[in-house]
Amino acid sequence: MQAMSRENAGSNMHALIRELYPICRSITGGGVRETLRILREHVPLEIREVATGTQVFDWTVPREWNIRDAWIKNSAGERLVDFRRLNLHVVNYSAPIRQRMRLAELKEHLHTVPHQPDWVPYRTSYYKESWGFCLSEKQLAQFNDTDEYDVCVDSSLTDGQLSYGEYLLKGKEAENEVLISCHICHPALANDNLSGVAVTIALAQHLASTPRRYSYRFLFIPGTIGSITWLSKNEQAAKKIRHGLVLTCVGDSGNITYKRSRRGDAEIDRAFVHILEQSGEPHKIVEFSPYGYDERQYCSPGFNLPVGTMMRSPHGEFAQYHTSADNLDFVQAEALADSLAKCRDVIDVLEHNRSYINLNPYCEPQLGKRGLYEGSQDETMALLWVLNLSDGNFSLLDIAERAKMPFAAIKVAADRLGRAGLLRDV
Amino acid sequence: MQAMSRENAGSNMHALIRELYPICRSITGGGVRETLRILREHVPLEIREVATGTQVFDWTVPREWNIRDAWIKNSAGERLVDFRRLNLHVVNYSAPIRQRMRLAELKEHLHTVPHQPDWVPYRTSYYKESWGFCLSEKQLAQFNDTDEYDVCVDSSLTDGQLSYGEYLLKGKEAENEVLISCHICHPALANDNLSGVAVTIALAQHLASTPRRYSYRFLFIPGTIGSITWLSKNEQAAKKIRHGLVLTCVGDSGNITYKRSRRGDAEIDRAFVHILEQSGEPHKIVEFSPYGYDERQYCSPGFNLPVGTMMRSPHGEFAQYHTSADNLDFVQAEALADSLAKCRDVIDVLEHNRSYINLNPYCEPQLGKRGLYEGSQDETMALLWVLNLSDGNFSLLDIAERAKMPFAAIKVAADRLGRAGLLRDV
Amino acid sequence: MQAMSRENAGSNMHALIRELYPICRSITGGGVRETLRILREHVPLEIREVATGTQVFDWTVPREWNIRDAWIKNSAGERLVDFRRLNLHVVNYSAPIRQRMRLAELKEHLHTVPHQPDWVPYRTSYYKESWGFCLSEKQLAQFNDTDEYDVCVDSSLTDGQLSYGEYLLKGKEAENEVLISCHICHPALANDNLSGVAVTIALAQHLASTPRRYSYRFLFIPGTIGSITWLSKNEQAAKKIRHGLVLTCVGDSGNITYKRSRRGDAEIDRAFVHILEQSGEPHKIVEFSPYGYDERQYCSPGFNLPVGTMMRSPHGEFAQYHTSADNLDFVQAEALADSLAKCRDVIDVLEHNRSYINLNPYCEPQLGKRGLYEGSQDETMALLWVLNLSDGNFSLLDIAERAKMPFAAIKVAADRLGRAGLLRDV
C-alpha cells in the first residue's frame, strides 16, 4: 500500500466507524439490520435471516430484541439516565419495564465502573431475561435514598429473526476458501468491534479489485450465536475453509497481537508470524486458548478450522474494554490502516505460497548467462535459496522462513526463475 | 492432605525411621529380616527369601551376612571403636576376623572422612571378601604407632537367603501396575534410605484406603542385587508395570529433585514435572543417567520400564551422604510429609489421566442452560479447555499442560462435564 | 596428535603453502597444472583433464587461460604495475591486450581497495571476456591525467583443458565414501585457499597411514566449475558419498566455524558439532545457506549430499578476504595444525560411529567380576551409558551426545565391553 492510499484507507475506515457508532446493535434486531444495510453500501453482501427458535447445534436462535427508548427519571421528571444520549446506558437485551421504585430496589439493576467515575460499562443479558441500566459513578451520585424514580425500558422481545451478513468473493479456486469473520453485535463500542468491521470491509474491497487464487467468505455476524448459526447451516461449506481469520479490536494504538489457531502451526499461523517478524515492529504471538471471540466456535474440536485471530490490544487487556471509553477517540485511522496492511500482507503470502520444482536440480544453473546475476546481493540470495530448496518439499513460505528473508522477496525470485524456465509448479 | 493429617503423617514417618535406625541392615541377613518384620506391622507385605547361589541374570545371590559384634581395643582393653555404639563402624559385609596388630597394618582397614573430624563414613564390601572399620578422624587420633590393637569382627558369611519385602495392592486393573521401590540395605543412615522406606509405607497405607484404578506393587529390597533378583524372578510381572518410582533420600530439607526415566517423557515423567511446576515451589528436573539407585536396573535396556526417581537432595550431592551425619536429625517430619504429598499428587494424576470425547464437538455447548457458567473464571476456563481438546487425542494431562492449569482443576471440569452428559470416556 | 607431531604438521603445511603461493592459478591453465604437479609429490593424486566446450550440466567448460606477463608502463617506460611482482595485479582470466591509452580510458580497467591504501584486490572475469588490473591506492596515486600508459596483458584464451586432481584412498568399505574437497583456483591468496589445500593434503597423508573403514575421495578442483564438472562426470560415484567436507579458509587465527550441510543434521554435522562442543574452545556453528564454496553444488537439490564446510574466519567476514593481505603472514602453522586436528577428530567419530547390542540387556551386568569396575568414575559412567543405550537404536555418537561425554571415551568403553563379551555389532 502506498503512503497516500494507506492514509486514505485509514480515514475511510474511521469514517465508517463514526457512521455505525450511534446505532444500538445487539445479537438480533433492527440495529443489526441497519448496520448490515450500511455495510451493503460498501460491499455487496447478502443479509441472511434465521428465525427465532431455530435449533443451531446445542443452541436456539433467541427472540428478536428491539428498543425504542429507555430512561430513569427522578420525581422532578429529569432524565438522569437516557438511552438516547448513549445506547450503552441500557443493559443490552433488557426486557421491557415501566415502573416507579426507590433507589434500594433500583440499585440491583444499576451497573457502574467503580474506579472510573466518568465511564459507563457495557453489559448484556442475552440468555437470561432481565433488565438493567449502565451509568457512570458520577451519574449514580445524583441518586438518593429519599426520592422515587420512574424506570422505563421501551423494548420488545418477540419471535423474529437473527440477521447476519455474508459476502462470498469467488476466486480461481472455488473449493478453497479463506474465511474472514467479525462480530457486529456490539452497540456504541468502537474498537470492539466496529474496528474489525471496518477493516473487514476494506479488505473485501481490496480483494475484490485484485486477481484471487482463493475464494473469500466474509462474515458479519453477532458474536457466538452468529458463528454457531453459520456453522450449523454451512457444515459442508466449512470444509472448504483453508485459512481463516477473526478480526477484533484492531483499531487501537497498541501493537498487533496474533492468536494462533487451535492447530498452532496452520499456514495462517505461520504466515502471520512471518509477516509480523519480518515487519521488525513490536508484536505479540499468543497461543490458542478456548476463550475469546468466534474463533472459539471455528476451532471447536468438531470443526478444528485453521482460524487465527488478529487483534491489537487483546480484549480484556485494555482499561477501556467494554466501557464507554472504547469510543471514537480510542480508535485511530493509522492503526486501522496498519491492521489492514498486515492482513493484506498475510493474504499475499497465502495467495502465493506454493511449492516449486527446480528444473535444473543438479548443481546450480548458470545465472549469469540468463541475466539473473545482475541484481543486489539480496536478490541473488533469494534466487539461490529458491533454487536450492525447490525440490517439491518446501513451499515459498518454508523457504522464506529458512532464508530469514521476506516472503515477497522469495516470491519475486520464484517468478524470475519461472520466467527463465528454471522452475515449474509442483 | 489437610494440615493436621500432613503433620501427623510426617511425625509418623519420622517415628518409623527412629525405630529402624539402630538396626544393622545389609544386602542380606538378620538386619534386613528384622526391618521387614517391623514394616509388616504397618503394611501386610510378603517376605521373600532367595537362596545364596541363585543365579539372577548376570549376578549370583551372595552369602548371607550376619554380625553380632565388632571392635578395636587398645592394649589397655579399651574399645576405641565399637560396633555396638554405631553400626557404621564396621565395613558392611566384613568377613570375620580376630587378630592383634600394630597400627601400620591396621591402617589399611581403617576409613575416615578427612575433612569432617567428627563424622564416620559408611563403607561396604559386598562382592570382594574383606574387612574394615570406619571411624572419625578424632577417634583415629587416639591410635598410636607403639601400641598394639586387638581387632574383632564377630560376623559370619554363610549360605543363607537374600530377603526382601513385597506388597501387592490390587486395583481395578489387575494387569496395570504401578511400581514403588525403595532400598532397605543401608544400616544407620536416615535419609539414605529410611526416608524412602517410611514414605513408601505411608504411601501404601494411603493407597490401601482409597479406591484404585491401578494395582500397586511396593518393593522393599536391598539395592542393586534386590531389584535384579526381583526382575529376574518376575519377568512377566514386570511387563505389567505402567509407571514406576524409586524413592530415595526423600527426608532432608532440600528441594525436590525428580530424575526422569530412561524414556524421558513417560507419563510418570510428565506427571511429576506437572505437579512440581504447578506447585510453584523450587525444584529440579534431571535427565536420566545410568547411575543412581534401582532405576538403573528397571531402566536397563531389556526392561526399559517407565520408572523415575524422586529425591530431595540427590545422593552424592549433600555433604552428609554416606556418613554418620545422615542421622535422625538430618531428616525432618515436614520434608517427609511434603515428599509423601507430592507422591500422592502424582499418583492422583496417573489414576485419573484419561482421554475423553466431547459429545457436543460442533461449536461450544451452551453452558449457561446447564448451570455450568456460574463458577469462577478459572473454573469456566477449565471447562472450555476440556471441551475444546476432548477429541480423543488429548489426555487430561495433555490438556492441563496446554492450559497451564493444575491437573486437579482439569479433572474437576471433566467430572462436571461428564455429569452434564457432555463428555464420555474414550 | 602429540604436541611435537602437531607442531611438525603445522610447519609442513605452512611450507607447502609457501611453495604454492607464487603460482598464478586460475580455473584452468598452467598454474593449476603446476600446482597439481607439486601436490602429487605429496599424495599420489590423478590429474584429470576435461576439454574446453564439454557440457557439464548447465555449464560449459571454458577456454583455457594462460598468462606469461602483464604490466602497465608510464611513458618513461617504468613498470607501475607488474604481474611478475604479484600475480593478483592482473584481473584473473584477462583477455590479451597491448595498447597505449590515457588514464581516463585506463581507469575503467583498474581496481583498488579504497580504504586500504597498501592492499591490492583480487578480481576475476571468468565468464565475461574482459581485461583489467588490480593495484593499491598508493600505486594508483602515481598515475596522472597527462601521461600516456602502455598496457600489456600477455595472456591467451584458447581451447584446452580444465584440470583437477583426484585421489581415492580405498578403505574396507568401497561403497561408502567420505568426500574431502578444496578449491585450488585462487592465485596468491594464502588462506583462501592454499590453507584448505594444505590441510587436505595432510589429512590424506594421515588417513593413508591408518586403517580405514570408509574410502576417502579427495578433490583438488577449481571452485564452482570444478565441482560441477566432477559431479557431472561422476553421478554414480556421488551416490557413494556418506559424508563430505569442504575445506576453505582454515589457516587464519580465528575460531573454527562449521557450516552445516543442507540436511542440517547429517552425521557429519552432528560429529562436527560434537567435536567442537567437546573441545571447550570457542567456535561457531552456522546453518546451511546456498552461498559459499563448492558445498553449493554438492548440496544442490538433485544431489543433496551430506557435505558440510569447515572454515576458521568465514569467507567475506575478514578484512583481508580476496586481497593481497591474505598472504603468507595471514596463515599460521598452529591454526593449520588445529584445523587438521579437528578434521581428524571428526573423522575418528565417523569411522567408529556404530550401533551395538548389549548382550546382557536385562539389568546391568556385574562389572566387578570382569575387572571393569576399577577405572575412574568417568570410565565407569562411559561403560554404564554404553550398556544402557546399546539396544540397537542408538549409535555411539547418540550415546556421547546424551551422556555429554567425549566420543572417544564412549568408544573406549564400547571396545572394553566388546572385549568382555558384553557387546556386539548390530
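In chain C of this predicted model, the buried residues of helix α12(C) are covered by elements that include α8 (267-279), α10 (333-352), β17 (355-358), α11 (377-389), β18 (391-395) and α13 (407-419) of chain C. Covering here rests on contact, meaning heavy atoms within 4.5 Å. Helices (H or I, at least four residues) and strands (E, at least two) are DSSP runs, numbered from the N terminus.

Helix α12 of chain C spans residues 396-403. Its buried residues are L396(C), L397(C), I399(C), A400(C) and A403(C). Buried means under 20% relative accessible area (1.4 Å probe, protein chains only). Viewed down the axis of α12(C), these residues fall within an arc of 160 degrees, so they line one face of the helix. The arc is taken from the directions from the helix axis to the C-beta atoms. Just after α12(C), K404(C) adopts a positive phi of about 55 degrees.

The chains were also compared as copies. Chain B superposes on chain C by a rotation of 120 degrees with 0.0 Å of shift along its axis (RMSD 0.1 Å). Superposition is by least squares on the C-alpha atoms of residues with pLDDT of at least 70 in both copies.

Residues are numbered from 1 along each chain as its sequence is written, and chains are lettered from A in the order in which they are written. Local features need pLDDT of at least 70, side-chain atom pairs count only at pLDDT 80 or more, and totals for chains, interfaces and linings use all residues, while side-chain values use heavy atoms, with hydrogens and water left out.

Methods
Buried means under 20% relative accessible area, exposed over 50%, partly exposed in between (1.4 Å probe, protein chains only).
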